[in-house]
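Please read the following briefing alongside the sequence and the three-dimensional structure. It takes up the overall fold first, and then individual contacts and surfaces.

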Amino acid sequence: MRNDHPRLPAFEPKEPGIMTRAPRDPARPLLTGTPVVRVLLVSALLVAGSWWVLSWEQGMGSDLAEARTAAVNLFVAVELVHLFSCRSLRRPVRRIGWFSNPWVVGGVLVQVAGQLALTYLPVMNRLFPTAPLGADSWLRIAGVAALTSAAVAAHKYPQRAPM
């Protein structure tokens with residue numbers, strides 16, 4: 001199957017210096033030390049953050065539906081910020097540009113619209129036992145997502161490619 005159809009857009013531009021890197025040894029597994037550590041780091045932050053938000057919401061008197069909605073939205077928010085980080089294994093997202101790939105931005109906007117519908121549309125609240133969230137819940141969600149983004153950026157820092 002050919003992959004050079006002229007009407008297909010390039011989803012992500014190649015990183016600078018990609019042709020000066022040594023090729024990967026074909027006998028080496030795709031997932032080795034650094035990527036495995038990054039997957040474990042993000043997974044741990046997802047689980048811990050979701051658990052914390054769920055517990056916090058319930059501790060503040062929210063019912064299970066609201067607490068669960070906050071935890072689900074946290075999970076999606078962390079995945080969305082991590083999506084931007086995954087666009088390069090070595091370079092920080094600020095060097096790549098948050099809005100440099102319109103396909104990623106479009107996908108994120110569609111996901112955000114879906115999450116807002118899941119959270120605030122009454123029909124979705126009945127279909128999936130969810131509940132609307134207040135601004136304080138969104139601040140906690142944004143905080144954990146920002147923490148995850150910072151942790152991934154810190155993990156990338158020693159592997160940074162020359163700029």
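This is a predicted model: local features need pLDDT of at least 70, side-chain atom pairs count only at pLDDT 80 or more; totals for chains, interfaces and linings use all residues.

Residues are numbered from 1 along each chain as its sequence is written, and side-chain values use heavy atoms, with hydrogens and water left out. The protein contains six helices and zero strands, where helices (H or I, at least four residues) and strands (E, at least two) are DSSP runs numbered from the N terminus.

**Overall fold**

- Followed along the sequence, the elements give the pattern α-α-α-α-α-α.
- Of the protein's 163 residues, 33% count as buried, a class that means under 20% relative accessible area, with exposed meaning over 50% and partly exposed lying in between (1.4 Å probe, protein chains only).

**Packing of α1 and α2**

- The axes of α1 and helix α2 (residues 64-85) come within 8 Å and cross at roughly 155°, the axes being lines fitted to C-alpha atoms, for helices over the stretch in contact, with angles running from 0 to 180 degrees between N-to-C directions.
- That angle makes α1 roughly antiparallel to α2, since angles over 145 degrees count as roughly antiparallel, under 35 as roughly parallel, 65 to 115 as roughly perpendicular and the rest as oblique.

**Salt bridges**

- Two salt bridges are found in a search of the whole structure, each defined as a side-chain nitrogen of Lys or Arg within 4 Å of a carboxyl oxygen of Asp or Glu.
- In one of them Arg-140 pairs with Glu-57, with the closest N and O atoms 2.9 Å apart; Arg-140 lies in helix α6 (residues 135-156) and Glu-57 in helix α1, so the pair ties together parts that are 83 residues apart in sequence.
- Both Arg-140 and Glu-57 are buried, and the relative accessible area of Arg-140 is 15%.
- Arg-140 also meets Asp-136 in a salt bridge, at 3.4 Å from N to O, and these two residues both lie in helix α6, four residues apart, which is about one turn of the helix.
- Asp-136 is partly exposed, at a relative accessible area of 45%, and salt bridges that share partners join Glu-57, Asp-136 and Arg-140 into one network.

**Nonpolar surface patch**

- Leu-30, Leu-31, Val-36 and Leu-40 make up a nonpolar patch on the surface, together having about 410 Å² of accessible area, as given by the Shrake-Rupley method with a 1.4 Å probe, where for residues only the protein chains shown count as cover.
- Patches are made of residues with over 30% relative accessible area and no salt bridge, joined within 9 Å for like charges and within 5 Å for nonpolar side chains (Val, Leu, Ile, Met, Phe, Trp, Tyr).
- Leu-31 lies in the segment before α1 and is exposed, with a relative accessible area of 56%.

- Arg-38, in helix α1 (residues 33-59), is buried at a relative accessible area of 9%, and its C-alpha atom is separated by 7.3 Å from that of His-155, 117 residues apart along the chain.
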